[in-house]
Amino acid sequence: MEPAERSRVPRIDPYGFERPEDFDAAAYEEFVSGYLVTLARRAAKWSRLLRGGGVPRGRAVKRYVRKGVPLEHRARVWMALSGAQAQMDQNPGYYHRLLQGERNPRLEDAIRTDLNRTFPDNVKFRKTTEPCLQKTLYNVLLAYGHHNQAVGYCQGMNFIAGYLILITNNEEESFWLLDALVGRILPDYYTPAMLGLKTDQEVLGELVRAKLPAVGALMEQLGVLWTLVVSRWFICLFVDVLPVETVLRIWDCLFNEGSKIIFRVALTLIKQHQEFILEATSIPDICDKFKQITKGSFVMECHTFMQVSVCGCSRGTRGSVPSGAQDGHQC
């Protein structure tokens with residue numbers, strides 16, 4: 001990559017993540033030049049929609065959410081659509097009482113163990129940064145462990161809570177959004193038995209066998225368990241799997257429509273790369289291919305990716321939004 005190409009794109013992204021050494025700055029610039037126009041158009045529409053103060057519900061809002069919630073409105077919209085705002089309003093002071101409650105050394109140690117492993121590539125979570133978001137992350141996870149003792153703390157929750165903190169910039173809102181995800185939208189994903197997580201991975205396998213039988217047959221032929229290749233997709237909700245902006249677009253829909261979005265995204269990734277996956281001849285080979293399909297321009301171009309995932313639009317040419325997938329498309 002030419003230094004001039006790299007210099008046009010900041011080394012740190014807007015969320016605090018360092019761009020990797022193999023970051024394709026040229027492809028990113030090509031994508032973002034068009035995406036910024038889309039973001040500006042969506043932001044104007046969202047501002048008009050939210051002018052009354054509350055976040056309305058209905059088919060129109062569903063379309064708006066699928067086309068992306070602007071960053072400046074994201075925390076407010078997530079809080080409203082998920083029910084987290086209502087829970088917080090009904091329980092004033094509850095979050096702070098959880099932090100002041102009886103200590104649980106085992107829970108505290110489990111959380112502390114994962115703090116330094118959480119986003120080492122994000123400058124906002126480094127101890128040398130002031131303020132360091134590790135303390136905020138610790139508080140949110142500790143409060144949730146006290147709140148939901150059936151779950152306590154489970155690896156993967158640190159990444160989810162970390163993203164919530166980056167978007168809300170608010171401990172208490174992050175706590176209630178985490179509760180919406182772990183307690184209601186994805187029940188039994190993070191309990192010790194992880195029954196919900198295991199069930200949904202099996203459901204994905206059944207969907208693949210029905211919709212992409214060649215891939216399903218290959219998985220069976222090679223004896224590959226779905227948990228081996230997609231467990232991180234589910235347990236981390238695509239955090240550290242897909243690009244940040246793409247993950248946030250997925251979460252826009254997840255907070256509004258629930259766990260079906262995870263299946264749609266997973267099926268889109270597999271379908272888009274079906275021929276590539278079918279080249280696998282061994283378990284290590286297929287595991288590697290499932291890692292590779294989460295990289296590249298298809299997943300970076302989040303607007304097109306989400307149109308394909310949630311609306312079933314066919315993919316257009318590289319770097320373009322498919323016909324019908326602009327703002328006027330009725331998802």
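Arg-66 and Glu-257 pair up side chain to side chain in a salt bridge, with N and O 2.9 Å apart (the rule asks for a side-chain nitrogen of Lys or Arg within 4 Å of a carboxyl oxygen of Asp or Glu). Keep in mind that this is a predicted model, where local features need pLDDT of at least 70, side-chain atom pairs count only at pLDDT 80 or more, and totals for chains, interfaces and linings use all residues. Residues are numbered from 1 along each chain as its sequence is written, and side-chain values use heavy atoms, with hydrogens and water left out.

**Layout**
- The chain splits into domain 1 (59-185) and domain 2 (194-312), with bounds taken from an automatic or database domain assignment.
- Between the C-alpha centres of domain 1 and domain 2 there are 24 Å.
- An unreviewed UniProt entry annotates residues 68-258 as "domain: Rab-GAP TBC"; such annotations may be inferred rather than shown by experiment.
- That stretch, residues 68-258, is 68% helix and 0% strand, and its end C-alpha atoms sit 16 Å apart (helices are DSSP runs of H or I, at least four residues, and strands are runs of E, at least two, numbered from the N terminus).

- Domain 1 puts 22 residues into the contact and domain 2 puts in 28, counting heavy atoms within 4.5 Å.
- About 2200 Å² is buried between domain 1 and domain 2, and carbon and sulfur atoms give 66% of that (buried area is the accessible area, 1.4 Å probe, that two parts lose on being put together, summed over both).
- On the domain 1 side, Arg-66, Trp-78 and Tyr-163 lose the most area to domain 2, together 34% of what that side buries.
- The rule finds three salt bridges across this interface.
- It also turns up seven residue pairs in polar contact, both residues at pLDDT 80 or more (N or O atoms within 3.5 Å, one able to donate a hydrogen and the other to accept it; residues adjacent in sequence count only if both atoms are side-chain atoms).
- Helices α3 (59-66), α4 (71-82), α9 (157-168) and α10 (171-185) each give two or more residues to the domain 1 side, and α9 has the largest share, five residues.

**The loop between α7 and α8**
- Pro-131 lies in the loop between α7 (105-115) and α8 (133-147), and a cis peptide bond joins Glu-130 to Pro-131, with omega about -5 degrees.
- Phe-119 has its place in the loop between α7 and α8 too; its phi is near 50 degrees, a positive value in a residue other than glycine.
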